Amino acid sequence: MAWDEWEQLKTDALARQQGGAAHMQLNHIPNDPGSAPFPGQTGDLKVTQHDLANIGSQAHTLYNQLWDKARLSNTNVDSAASDLTKQGFVLGSGLQQVSNKWAAQLNTLLDACAHISNHMQVTKKIHAGDEDYIYRQMSSIDTLDAGFNERVGDPGKHNPVYDPPKASKKH
């Protein structure tokens with residue numbers, strides 16, 4: 001697009017705004033029945049150990065595939081870039097720059113995949129620890145209840161105080 005054409009488009013848009021022509025401005029997202037609900041309207045996020053394991057496994061698989069298939073052989077690329085540069089081709093420095101950029105971007109992606117995979121492993125362990133803690137807390141309530149039941153009567157037997165009242169016999 002030529003610079004003059006760009007300036008003309010900007011001028012036309014400004015004229016339409018100032019000229020009172022109808023234009024649209026979005027201030028919010030409409031509550032369309034076909035649209036996704038807003039957060040907080042759907043309840044809590046639920047995740048299972050299987051979900052976490054699957055995400056971590058997929059990230060690990062992607063990491064391995066990138067490692068095997070996306071890495072450039074730096075010796076070959078560097079050698080080709082060097083050879084082209086020595087022969088006076090500007091393409092040599094361009095090839096080296098692309099190779100360096102590719103390696104940097106690939107390393108960033110590999111790091112992200114490793115981070116996701118490792119994070120899912122840690123999350124699974126933390127979640128399992130939370131589940132165990134909740135179980136232990138609930139178990140201690142049962143133990144506490146049993147202690148109250150043992151105060152009257154034989155240990156381990158039900159406390160008769162909590163039995164329903166018996167009907168009295170009239171003669």
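The model is predicted, so local features are given where pLDDT is at least 70 and side-chain atom pairs at pLDDT 80 or more, while totals for chains, interfaces and linings use all residues. Residues are numbered from 1 along each chain as its sequence is written, and side-chain values use heavy atoms, with hydrogens and water left out.

**Whole chain**

Begin with the whole chain in cartoon view. The chain has four helices and zero strands, in the order α-α-α-α along the sequence. Helices (H or I, at least four residues) and strands (E, at least two) are DSSP runs, numbered from the N terminus. Of the 171 residues, 9% are buried; buried means under 20% relative accessible area, exposed over 50%, and partly exposed in between (1.4 Å probe, protein chains only). Among contacts (heavy atoms within 4.5 Å) with a separation of 6 or more, 56% join residues 24 or more positions apart.

**Helix H2**

Select residues 49-69, which are helix H2. H2 has 21 residues and reaches 30 Å from first C-alpha to last, close to the 30 Å expected at 1.5 Å a residue. The expected span is 1.5 Å times one less than the number of residues.

Now colour Leu52, Gly56, Ala59 and Leu66, which are buried in H2. These residues lie on the same side of H2, because they cover an arc of only 90° around the axis. The arc is taken from the directions from the helix axis to the C-beta atoms. Turn to the face away from this buried side to find the exposed residues His50, Asp68 and Lys69.

**The aromatic pair**

Which two residues form an aromatic pair? Select Tyr63 and Trp67: their rings are stacked, at 6.5 Å centre to centre with 10° between the planes. Rings of Phe, Tyr and Trp (its six-membered ring) pair if their centres lie within 6.5 Å; planes under 30 degrees apart count as stacked, over 60 as edge-to-face and the rest as tilted. The count by this rule is one aromatic pair. Both residues belong to H2, four residues apart, about one turn of the helix. Tyr63 counts as partly exposed because its relative accessibility is 26%, and Trp67, at 37%, is also partly exposed.

Arg71 lies over the face of Trp67, 3.9 Å from the ring centre. A charge sits over a ring if NZ of Lys or CZ of Arg is within 6 Å of the ring centre and within 35 degrees of the ring normal.

**The nonpolar core**

Next select Leu66, Ala70, Leu106, Leu110 and Cys113, the five residues of the largest nonpolar core. Helix H4 (residues 91-149) supplies the largest share of this core, three residues. Such a core is a set of buried Ala, Val, Leu, Ile, Met, Phe, Trp, Tyr and Cys residues joined through side-chain atoms within 4.5 Å.

Stay on Cys113. Apart from neighbours within four places in sequence, Cys113 is in contact with Ala59, Leu62, Tyr63 and Leu66.

**Along helix H4**

Move to Ser117, in helix H4. Is Ser117 buried or exposed? Ser117 counts as buried because its relative accessibility is 10%. Beyond neighbours within four places in sequence, Ser117 is in contact with Gly56, Ala59 and His60. Its C-alpha is 5.4 Å from that of Ala59, 58 residues apart along the chain.

Finish at Val122, also found in helix H4. With 45% relative accessibility, Val122 counts as partly exposed. Draw a line from its C-alpha to that of Leu52, 70 residues apart along the chain; the separation is 9.8 Å.
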